[in-house]
Amino acid sequence: MQRTNGGKFLDTFWDLANEELRVRIDAAASLVDLLKQGDAEMAAYAVRRLCGGLESSRGGARRGFGSALSCCLEAKVLKIENVVDEISRRAGTLGWGPGAIINPEMKKKKSTQQRSEERGIELGVLLSTLCVVQSDLALSESEAKPLVMICIAAVERRQWLRELGTRCIGLLIQRSTKKKNILALIDVSPALGPFESDELATEPEQIAMRVLFNKKLPSKKKIVETFQPALSKAARSFPAIHCAWKFLLERAGIWPGSETFDRTDVWNIIDHEATHGSLERRGTAILLTEIVACGTNSAQLVSLALSSSICKIIVGATKTNSKSHLRPLAQRLLKHLVSSSKHKTSDWRFAVASALTSRGDSRFDTRTSTDTVSAILSGESVERHATFLVTQALAITDGRRDLSVALEALRGLVLSCKSQDISAAQEVRALLLALCVRLAYYHDKSFVDFDQSDRAIRIVLE
């Protein structure tokens, strides 16, 4: 290690654990620059410190050391094989993977402090593995295989690490250049396989592997009954989203990927979680809705995501004086919908507004004490806005909803037109007249008499 850089080099590791984001970013960049000098002793020390730092719960250690390790691998200033060897060495002390050390002391009862330290090592090993796959570098079979074996051991022996271990396995195999021998390891694992069994998958980790590798998948007609029971257990990862959901939504074409399943059937599973589940299952449904609804440009898909069950949960959680534990999640979803709407198509915006008002509540903004619908439609023309509101009201008057909903749409249209420059007053007037005729035809005339409607029209046209 060069003396001129020794002090600065060692200081970077202290800064990587700093709780300030800016300090950690600067430290990671500085470490990459120093390792570009090609000092082998520096590189070996960095591998040990970075993998070890991921075992620490101090300050921002795991975030700082994790991002630094990924950056160093991506910049190719550290060799993947050296990092894999270090991960294998640390996992071996736990009895995991090909380098497992059989030590009788491991079976003895441990103190609280010893168990805490062991849990730190266990988590650090998997986080180091995750950093390797997130560096976006291709892995040879000799590099990926020991890491997969370590992750399988974690999944089989530690309930609290099952989701993280499964996610690492999926990503490792996607990065691996040769998969056949590695898939054989997973197939014999009782926690993840077997792939060729006709028995139903009972755990979300098994579903994740079958979906990811297209093994023993149910027909489209049976996907709900086959996957629903096991996926209900995926809520144990809440507030994180279990990787089984990600892999399944990719296969349904909802997240980027090939479409294997019908997206409507897949979303029916999520809808079931929203209506029949525990707090964790309903929370997971809201998180999945946020990812899908805000991540797509398709009006059809966002309409599917904002189902009746989801919209009712949102209204219930965000209404005035609500004490629901899901309130922060529901509020975040609404804020994200508004911010995303600025970059979406007009059809997407109207699909969102339609779903929230027709499936949630006609007075959605009032009930939730937000300006979600008005903000989403704020950039639309009066003509489009008028068409949307009146279309909603006309559909409602066919007997599917209460008359007050149609009147609410009429009031909303009047206020919208008053606040904007009307360039097509005759078209707006025609739509209003159509609404009034429909209301008068389907309901008691006393609810909406033509004199009141005509005054409303004059207000719009003034």
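Modeller: Contact here means heavy atoms within 4.5 Å of each other. This is a predicted model, in which local features need pLDDT of at least 70 and side-chain atom pairs count only at pLDDT 80 or more, while totals for chains, interfaces and linings use all residues. Residues are numbered from 1 along each chain as its sequence is written, and side-chain values use heavy atoms, with hydrogens and water left out.

Colleague: Good to know. How many helices and strands does the protein chain have?

Modeller: The protein chain has 24 helices and zero strands. They are DSSP runs numbered from the N terminus (helices H or I, at least four residues; strands E, at least two).

Colleague: And what share of the protein chain counts as buried?

Modeller: Of its 462 residues, 50% are buried, a label that needs under 20% relative accessible area, whereas exposed is over 50% and partly exposed lies in between (1.4 Å probe, protein chains only). As for contacts in the protein chain with a separation of 6 or more, 68% are between residues 24 or more positions apart.

Colleague: Let's look at a helix pair. Which residues of H16 and H17 meet?

Modeller: Ile314, Ala317 and Thr318 of H16 touch Arg327, Ala330, Gln331, Leu333 and Leu334 of H17. By class, the residues of this contact are five nonpolar, two polar and one charged. Nonpolar covers Ala, Val, Leu, Ile, Met, Phe, Trp, Tyr, Cys and Pro; charged covers Asp, Glu, Lys and Arg; the others, Gly among them, are polar.

Colleague: Why is H16 called roughly perpendicular to H17?

Modeller: The axes of H16 (residues 308-318) and H17 (residues 327-341) cross at roughly 115° and come within 8 Å. That makes H16 roughly perpendicular to H17, because the class runs from 65 to 115 degrees, with under 35 roughly parallel, over 145 roughly antiparallel and the rest oblique. The axes are lines fitted to C-alpha atoms, for helices over the stretch in contact, and angles run from 0 to 180 degrees between N-to-C directions.

Colleague: Is the crossing of H16 and H17 left-handed or right-handed?

Modeller: Left-handed: the near helix is turned anticlockwise from the far one by less than a right angle, and clockwise would be right-handed.

Colleague: What makes H6 roughly parallel to H8?

Modeller: H6 (residues 112-134) and H8 have axes that cross at roughly 30° and come within 9 Å. The angle is in the roughly parallel class, so H6 is roughly parallel to H8. Among the residues in this contact are Leu123, Leu126 and Val133 of H6, with Leu164, Cys168 and Arg175 of H8. The contact of H6 with H8 counts nine nonpolar, two polar and two charged residues.

Colleague: On to charges. How many salt bridges are there in the whole structure?

Modeller: The search finds 17, where a salt bridge is a side-chain nitrogen of Lys or Arg within 4 Å of a carboxyl oxygen of Asp or Glu.

Colleague: How do you know that Glu205 forms a salt bridge with Arg162?

Modeller: Their closest N and O atoms are 3.8 Å apart. This pair links distant parts of the chain, with Glu205 in H10 (residues 204-213) and Arg162 in H8 (residues 162-175), 43 residues apart.

Colleague: Why is Glu205 called buried?

Modeller: Glu205 has 1% relative accessibility, so it counts as buried. Arg162 is buried too, at 11%.

Colleague: What about Lys233 and Glu203?

Modeller: These two form a salt bridge, with the closest N and O atoms 3.2 Å apart. Lys233 lies in the loop between H11 (223-232) and H12 (243-251), and Glu203 in the loop between H9 (180-187) and H10, 30 residues apart. Lys233 is partly exposed because its relative accessible area is 35%, while Glu203 has 17%, so it is buried.
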